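Open the model in your viewer and keep the selection tool at hand. The tour below goes stop by stop.

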Amino acid sequence: MNILIADDEKGIRAGLSKLFERKGYDCFTAGDYDSALDLIRHREIHLALLDIRIGNRDGVDLLKDIKKTNPDVCCLMITGYGSIANAVEAIRSGADDYMLKPLDNDYLLSAVTSRLELKQLKNENTYLREKQKEEMLDFDFSTTHPAMIKLMDVADRVKDTDTTVLITGESGTGKEVLSRYIHYSSNRKNAPFVGVNCAALSETLLLSELFGHEKGSFTGAQERKIGKFELADRGTLFLDEIGDMSLDAQAKLLRVLEESSLERLGGNRTINVNIRVIAATNQDLRELMEQKKFREDLFYRLNVIRLELPALRERPDDIPLLAEYFRKRYSRDFRKQETFYSEEALEKMRHYPWPGNIRELRNLVNQSVLLSDSGSLDPLSYGGVQAKGTAPALTPPRGANLQEMVNNMVEEFEKDIIRKTLEKHKFNKTAAAEELGVTRKTLFNKISRYGL
Ligand SMILES: Nc1ncnc2c1ncn2[C@@H]1O[C@H](COP(=O)(O)OP(=O)(O)OP(=O)(O)O)[C@@H](O)[C@H]1O
Ligand SMILES: [Mg+2]
């Protein structure tokens, strides 16, 4: 973080720089009006300490000019008792605070630190929100499939209600994507969307994740922890893989849903929450119910609105639509121009069973755009395609493990880069080796290894 110190007294500039530099901040100093403004224009300044008089110019004017140039700079005025009136004017003109001389170092440090920390948190928050928004907008629900059209219609009609929604469908059909769509287009969109994967955690951890706990409520609970129910207050709680929740956890969840309140583990204060729950599963909850692994009362509580996402192979007309969406997206991401699918590639895709559903389609289009040499894409010619099964596309083909898959991908990349560089230099190996930053010997080895 960068601090500007604008003061016409050299001693103050030096003293303050030293104080802040010791705390790890970068300091820029200015002894007059113009050089202060110059620094604001040409450096990324986060906070400015401004003397209320700088040379024979008014510090409040400088403040106004700074705010005009970069309104994000946090400005603290330094003033003597004689100029309190100016300080008040400074606050009106956008200063964040003022400090009285003589300056108390500890007070000044803590004022500056807390402001910069707040600024950093705000930046992080904006960044995270933007990122989340990007993710939230990253879907395409265009469809010509009657059941899918109906499903989206139901989703649109219930999104603004508080009704619990149960989303079912095979792995990779977009259950999580749909739940995010519901949240971010609902009137809860400004509150958090909080997801919990019920299959990923042991029962104890899941409960403490959901309910939170008070300090010392069980071994290992060293701090108080706010649970996801509380975090999702006024927003949406997405309970993924709900079929994997233990019976005990199911009973506790049901109670929260019915009473809209809970107590943290080890706590006795009742906390009210206002949450909309969206649950998802790729298991058959009725079957689990018959096996006494899923509570009937919870099932009926969750199953108020049921959205069943069809498998991709059941809506073949949507395959080209989605393939086109991903092609555009990845072509833009990887800066590839003029990519397209050949008729045969599209035909193959329409008839392929897509055991990993949309996730598999997305991954294959991603790979084919990334690795294509020409504009024509044939996603199904890339590795990772399985004949038939229910595992998602990310599962390596039988016999290969993750490391092998990654190695293969890396080799494909390397080969591609080497070939392109060689072509560029008309197969002059010395020039190619130089551009690639490897020795001629390394390049020769790789050429013979890859049979280029
Ligand atoms: N409508 C869609 N538009 C764009 N991308 C989608 C869509 N549906 C799914 N995807 C993509 O497919 C991937 C899988 O989607 P998602 O995680 O929602 O599936 P899921 O049904 O929750 O799968 P699982 O049961 O394995 O958790 C996502 O990463 C997403 O990028
Ligand atoms: Mg999922």
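**Stop 1: the ligand**

Select ligand 1 and the residues around it: 16 residues surround this ligand, and the closest are F139, S171, G174, K175 and E176. Bear in mind that this is a predicted model. Next, colour the shell by residue type. Five of its residues are nonpolar, six are polar and five are charged.

Now show the helices. Two of them, α7 (175–184) and α15 (357–371), each supply at least two residues of the shell around ligand 1.

Which domains give residues to this shell? Select domain 2 (139–310) and domain 3 (315–395): both contribute, so ligand 1 lies between them.

**Stop 2: the whole chain**

Zoom out and colour by domain. The domain assignment gives domain 1 (2–127), domain 2 (139–310), domain 3 (315–395) and domain 4 (406–452). Select domain 1 and domain 4 together; their centres, taken over C-alpha atoms, are 54 Å apart.

Switch to a cartoon view. The secondary structure of the chain amounts to 18 helices and 18 strands. Turn the model along its principal axes, where the C-alpha trace spans about 80 × 75 × 45 Å.

How does the radius of gyration of the chain compare with that of a compact globule of 452 residues? The chain has 30 Å, whereas such a globule would have a value near 22 Å. Buried residues account for 29% of the 452 residues. Of the contacts between residues at least 6 apart in sequence, 68% join residues at least 24 apart.

**Stop 3: I54**

Select I54, which is found in strand β4 (residues 53–54). Is I54 buried or exposed? A residue is buried if 20 or more other C-beta atoms lie within 10 Å of its own. I54 has 22 C-beta neighbours inside 10 Å, so it counts as buried.

Y33 is 21 residues from I54 along the chain, and their C-alpha atoms are separated by 6.5 Å.

**Stop 4: D58**

The C-alpha atoms of D58 and Y33 are separated by 8.6 Å, and the two residues are 25 apart along the chain.

Why does D58 count as partly exposed? Partly exposed residues fall between the buried limit of 20 or more and the exposed limit of 12 or fewer. D58 has 16 other C-beta atoms within 10 Å, so it is partly exposed.

Notes:
Residues are numbered from 1 along each chain as its sequence is written. Chains are lettered from A and ligands numbered from 1 in the order in which they are written. This is a predicted model: local features need pLDDT of at least 70, side-chain atom pairs count only at pLDDT 80 or more; totals for chains, interfaces and linings use all residues. A residue is near a molecule or strand if its C-beta atom, placed from the backbone, lies within 6 Å of it. Helices (H or I, at least four residues) and strands (E, at least two) are DSSP runs, numbered from the N terminus. Ala, Val, Leu, Ile, Met, Phe, Trp, Tyr, Cys and Pro count as nonpolar, Asp, Glu, Lys and Arg as charged, and the others, Gly among them, as polar. Domain bounds come from an automatic or database domain assignment. The radius of gyration is taken over C-alpha atoms; the globule rule is 2.2 Å times the number of residues to the power 0.38. Two residues are in contact if their C-beta atoms, placed from the backbone, lie within 7 Å.
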